Amino acid sequence: MTGQDHTAVEIDTSKPHPARMYDWFLGGKDNYPVDEEMGRQLLSLDSRGRDMARVNRAFMHRAIRWLAENGVRQFLDIGTGIPTEPNLHQIAQRTAPDARIVYCDNDPIVLAHAEALLRSTPQGATEYIQADAREPDLILERAGKTLDFTKPVALSLVALLHFVGDEDGAHALVNRLMDRLSSGSYLVLSHVTGDFDPAGAAKASELYAAKGLTLRPRSRAEFAEFFNGFELVEPGVSLAADWRPELGEVVPVAGDDPIPGYAGVARKV
């Protein structure tokens with residue numbers, strides 16, 4: 001697979017972008033001063049921002065490994081972010097070399113690095129889609145060229161839904177995507193919460209709004225609603241750091257306070 005043409009990528013550096021801020025938190029170099037500036041503002045609200053990013057990524061690794069070990073061979077990852085090795089397809093294909101993966105993001109800088117996302121094993125396949133998460137029908141149409149929706153697919157929306165407000169149809173988005181997937185498919189989610197510091201979460205949301213961005217932290221109960229109608233995999237909805245730590249990649253963090261992010265994996269029956 002060659003992905004989409006990325007010979008002429010226009011990147012807006014006038015305002016921060018979540019994918020590039022995430023890259024900055026992870027210590028990457030594919031970000032701009034505007035992203036670092038906002039990242040530092042967020043760190044002033046919660047100094048563990050880098051730990052949050054690392055814990056979230058470690059959850060993704062564990063979840064994808066578990067899915068591949070349990071027979072899943074197709075993955076649709078929306079809100080991919082800038083490639084940071086190991087990428088999702090590398091985790092999946094280490095267990096299942098024939099796994100097929102479709103990535104999707106709306107930041108042109110991710111498209112510029114799409115080559116790193118397309119290094120599949122010979123037995124498997126990877127593809128990249130440039131699209132917004134709020135365009136589920138377009139995503140499904142394009143992903144269907146690589147994935148067989150008559151067979152189980154793991155839909156990964158990791159650290160994405162807190163950027164989609166209720167008014168933008170966050171729940172409808174999840175349901176539209178899952179409706180298209182066959183029985184035996186899985187939903188993989190992680191999400192920022194304000195449960196442990198409501199005032200700080202509110203300030204962070206205001207900071208995003210001032211930049212023309214959305215941040216919608218959700219409570220544990222609100223997050224759990226995304227899994228309504230699906231069968232949660234043990235341990236159910238948990239802190240991201242506590243989701244099956246026995247699978248490895250546990251991130252050491254400073255202090256004893258919980259990292260404010262929930263995670264879960266559920267099966268469509």
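User: Which residues of β4 point one way and which the other way?

Analyst: In a regular strand the side chains alternate between the two faces of the sheet. Here A154, S156 and V158 point one way from β4, while L155 and L157 point the other way. The model is predicted: local features need pLDDT of at least 70 and side-chain atom pairs pLDDT 80 or more, whereas totals for chains, interfaces and linings use all residues. Residues are numbered from 1 along each chain as its sequence is written, and side-chain values use heavy atoms, without hydrogens and water.

User: Why is strand β4 described as largely enclosed?

Analyst: Buried means under 20% relative accessible area, with a 1.4 Å probe and protein chains only. Strands are DSSP runs of E with at least two residues, numbered from the N terminus. Five of the five residues of β4 (residues 154-158) are buried, so the rest of the structure largely encloses this strand.

User: How many bridges does β4 form with β1, and what stands opposite S156?

Analyst: Two strands pair if DSSP finds at least two bridges between them. β1 and β4 pair in the parallel sense over three bridges, and D77 in β1 stands opposite S156.

User: What polar contact does the side chain of D77 make?

Analyst: A polar contact is a pair of N or O atoms within 3.5 Å; within protein, one must be able to donate a hydrogen and the other to accept it, and residues adjacent in sequence count only if both atoms are side-chain atoms. The side chain of D77 makes such a contact with the side chain of S156, at 2.9 Å.

Methods:
Helices (H or I, at least four residues) and strands (E, at least two) are DSSP runs, numbered from the N terminus. Buried means under 20% relative accessible area, exposed over 50%, partly exposed in between (1.4 Å probe, protein chains only).
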